[in-house]
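Dear colleague,

I am handing over the structure we spoke about, and my notes follow directly below it. Please read them with the model open beside you.

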Amino acid sequence: MDRRDFLATGAVSTAGVLFFPGNLLAKEAKMSNKKKLVQTLPYKMDGEWKEFELYIDIHTHEPAPGFKYHTLAFNDMIPGPEIRVNAGDKVRVKFINKTDLNHTIHWHGVYVPWRMDGVPFVTQLPVMPKNEFIYEFVAEPEGTHFYHCHWGTLMHMQAGMFGSLIVENPNDPIKKKFPYEREYTLVYSSHDTNYIREEMNGMLERMKQRSYLMKEGRFNSEQWAVFDNKEQFVSSMENGYQPPYVTNRRSNSDLPQANWFTVNGKSYPSTPYLFIKSGENIRIRLINAGAETHHLHLHGHDFWMVADDGVPLEHPFKRNTVPLTPGKTFDIIVEGTNRGIWTFHDHDTRKVTNNGLYPGGNLLALVYEDLPADELIISKHSGNPMYNSNAGMGDMKGMDAMKNENMGTMNKMMFGEDKLPKIALDE
Amino acid sequence: MKKLIYLSLLITGLANAQITPEFEIGAKGVFSGNLNFNSEESNAVSDFSDTQLLMGLSQKLYNNWRAQFVLGLQFPDANSNLGDVFYNNIFIRLEDKKNIVKVGRTIAQTNLNEFPTLRDDDAQQFTYALNPFSDGVNTERDQYANVLEYTHIFKQRFYVSLHGENFYDSREPDDFRLNSTGLTLMYRIPESQRWNRNVIQEVGFSYNNYFTDRQGYSNDFDASVKNLLFSTTLNLKPDPINFIDFRLQAIQNFGWDEVNMLNDYFDYTRTESSTVFGTFRYLKQKLERPHYQISIGGGYKSLPNLEVDSNQLLLIANGFYRIGENFDLGVQYRYTENSGFTENLFGKNEHRIQLAVVYSFSKIFNKQFGDREDLLNLEHNYIK
């Protein structure tokens with residue numbers, strides 16, 4: 001790590017320590033929270049084309065304080081920046097591959113011309129190391145979509161190569177039905193960080209050799225396991241070639257077993273907050289860019305299901321739990337009807353873990369901005385007489401230790417500040 | 001009561017242990033039929049010496065260092081006096097990005113190169129600075145020692161190692177004191193980057209000082225056997241399909257002036273000698289895996305301080321063909337020639353032909369963190 005990287009990391013860490021989550025209702029907390037939300041990708045106009053630039057590089061990512069791993073990231077962030085356009089816009093994305101690996105971009109849910117679909121060897125050749133590719137398409141249909149790498153998808157997607165793509169409709173029927181000012185994009189994913197590390201190392205090593213052979217013109221179909229057609233493949237097998245999946249070349253599979261679960265690339269306690277005010281509607285765009293299903297449940301509210309895979313629902317309906325399966329997007333509207341701090345989490349609690357330890361992963365909170373700070377004080381509103389002398393035990397005979405004047409020290413020792421919420425980590 | 005609490009805390013601590021280590025297992029099975037000509041050794045139908053099993057348990061420590069416990073065993077030669085099984089590796093290694101500390105029994109830094117021979121000890125007298133405390137009945141006592149090593153790594157490639165050893169002393173087998181110290185300097189390309197280095201893969205020096213009981217010398221340094229090693233590996237054709245390298249190691253044993261005839265192995269290791277050994281290796285890869293390998297090499301050792309002209313010559317050639325993942329068929333021819341005093345000790349000359357099946361395997365289960373030398377850590381920030 002050079003000096004500049006060190007300083008940058010230091011600054012981010014400091015921000016996390018200062019504003020998370022003690023002063024949740026403070027202005028600084030909201031500023032800090034913005035870093036946990038998806039970042040919109042700026043564009044330039046070239047005639048009638050909106051031009052975006054995405055690059056991919058190897059990145060060191062920290063989903064929760066103290067845990068880092070190497071991963072792939074668009075524009076050095078996970079998820080990649082959000083591309084936000086209007087329906088009908090002409091979109092041009094210049095994709096730069098800075099890595100030594102192959103990649104493509106697939107535009108999930110978008111009606112792109114088939115040669116822009118990003119499937120290697122089906123619609124295009126992979127974007128080779130240090131190469132570029134220009135994707136062009138008209139943004140349609142409207143709705144919540146996403147993009148991801150379609151090369152080595154099993155590894156590249158969970159390694160961080162995904163980002164949201166929002167196609168807005170100026171006459172959005174959802175906005176008309178549920179007027180809102182604020183919206184959030186939440187991109188879910190799951191990661192086997194050990195699988196990512198081992199696969200990336202292996203692929204980097206192989207690709208160095210392959211690139212060398214390609215430059216020398218000595219690379220062939222069998223070395224790459226890529227054939228022009230089935231006849232060529234079968235013919236190779238007849239001449240002794242053995243595909244990599246047969247049992248004399250590969251033993252039982254080491255398929256990924258996710259050990260980290262992220263929302264916008266972060267795991268609890270680094271996950272973002274969703275701010276709302278009483279009487280306000282907020283729109284949340286849910287995207288599952290990972291390979292696990294997330295059963296997302298919001299406490300204290302039912303929310304409106306308003307779009308499925310980007311398609312606005314003619315008849316929105318209410319739910320409080322939604323199964324977000326791999327590749328799926330849902331849009332929901334939350335109405336600010338129940339002031340408080342409410343968790344919004346995966347009800348498959350195996351995914352509310354960090355490296356197998358609960359709590360972690362997909363655990364975040366809906367926070368009412370108009371919540372009086374007074375309500376955060378534990379002792380003031382606690383139903384437990386241990387923390388609230390007004391609840392009864394302080395006046396009981398022999399319970400002098402429970403008197404208000406004696407409780408402060410004990411509670412401070414056990415629970416620190418007399419304020420919610422706190423960061424809880426299992427020990 | 002206090003004792004009970006401490007005990008309970010200890011037990012709770014054990015029960016709550018959250019670390020299941022990385023588990024590395026390595027195995028090498030060498031099974032050969034040996035045909036000897038003009039040799040005192042008999043032919044062998046099935047020689048499985050040098051077959052070994054290695055187990056390593058690794059985890060991260062609280063301060064970002066890593067620790068590994070290694071236990072390995074080897075099946076030695078039948079007449080080695082080591083029993084059926086020799087525990088060749090029993091050590092703990094502590095390391096971080098730039099430092100390595102090793103304590104326990106393992107291979108000593110008296111060999112700086114890995115030559116492509118069927119067995120590790122096929123050219124032992126040419127490839128190791130030999131243990132001057134050993135009676136020479138087996139080769140393991142030259143290769144392995146109880147070590148205490150500290151290595152510092154500069155810029156990923158420069159290794160400076162200070163090491164002390166307790167080599168097995170055949171005359172005093174219960175003496176476990178430090179009887180050797182040394183310094184090793186190595187420039188070594190990380191494993192994952194070796195195949196495409198233009199010339200130098202590694203180059204190094206090692207100085208070893210054995211605290212021998214030289215009569216008439218009270219000063220430890222003067223009484224010691226000293227030797228200097230130079231080693232290098234050069235890529236002659238760095239290519240992922242047709243790879244050729246050249247390995248060379250030279251050992252200068254400064255010896256004792258007074259040893260001018262060889263009565264036993266002790267004299268052999270304590271007299272002055274100059275040794276050079278080198279191999280050329282061609283490796284053919286197919287589908288990013290070894291396909292076959294051919295190597296040829298030779299060594300020469302002169303012992304200039306002896307009354308009679310005494311030299312040793314070794315020629316070795318072998319080939320291996322991969323018949324499946326981890327399995328190779330091999331054939332090796334070795335010619336040794338001894339003259340002068342070495343003829344009395346080891347015989348005049350010998351031809352040996354070996355046909356072998358070799359199994360080699362190494363895998364880490366329950367992987368949790370990257371290795372220092374993997375490409376991500378080398379080229380994209382080391383993750384502690």
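What distance separates the centres of domain 1 of chain A and domain 2 of chain A, taken over C-alpha atoms? The two centres lie 44 Å apart; domain 1 comprises 36-194 + 259-368 and domain 2 comprises 373-415, with bounds that come from an automatic or database domain assignment.

Before going further, please note that this is a predicted model, in which local features need pLDDT of at least 70 and side-chain atom pairs count only at pLDDT 80 or more, whereas totals for chains, interfaces and linings use all residues. Residues are numbered from 1 along each chain as its sequence is written, while chains are lettered from A and ligands numbered from 1 in the order in which they are written.

Turning to the interface, 23 residues of chain A are in contact with 18 residues of chain B, where contact requires that C-beta atoms, placed from the backbone, lie within 7 Å. The elements of chain A that give two or more residues to this side are β2 (49-64), β3 (67-74), α5 (193-215) and α6 (221-224), and α5(A) gives the most, with 12 residues. Here helices (H or I, at least four residues) and strands (E, at least two) are DSSP runs, numbered from the N terminus.

Helix α5(A) has 23 residues and reaches 32 Å from its first C-alpha to its last, close to the 33 Å expected, that expectation being 1.5 Å times one less than the number of residues. Among its buried residues are Y195(A), I196(A), M200(A) and L204(A), a residue being buried if 20 or more other C-beta atoms lie within 10 Å of its own, exposed if 12 or fewer, and partly exposed in between, with C-beta atoms placed from the backbone. The buried residues of this helix pack against several elements of chain A, including β3 and β10 (182-191), together with α7 (375-379) of chain B. Just after α5(A), G217(A) takes a positive phi of about 70 degrees.

Strand β20 (residues 363-368) of chain A is largely enclosed by the rest of the structure, because 5 of its 6 residues are buried. It is joined by 4 bridges to β12(A), running parallel, and by 5 bridges to β19(A), running antiparallel; strands pair if DSSP finds at least two bridges between them. Within β20(A), Y368(A) is the bridge partner of I276(A), and V367(A) that of I341(A).

With best wishes

Methods:
Two residues are in contact if their C-beta atoms, placed from the backbone, lie within 7 Å.
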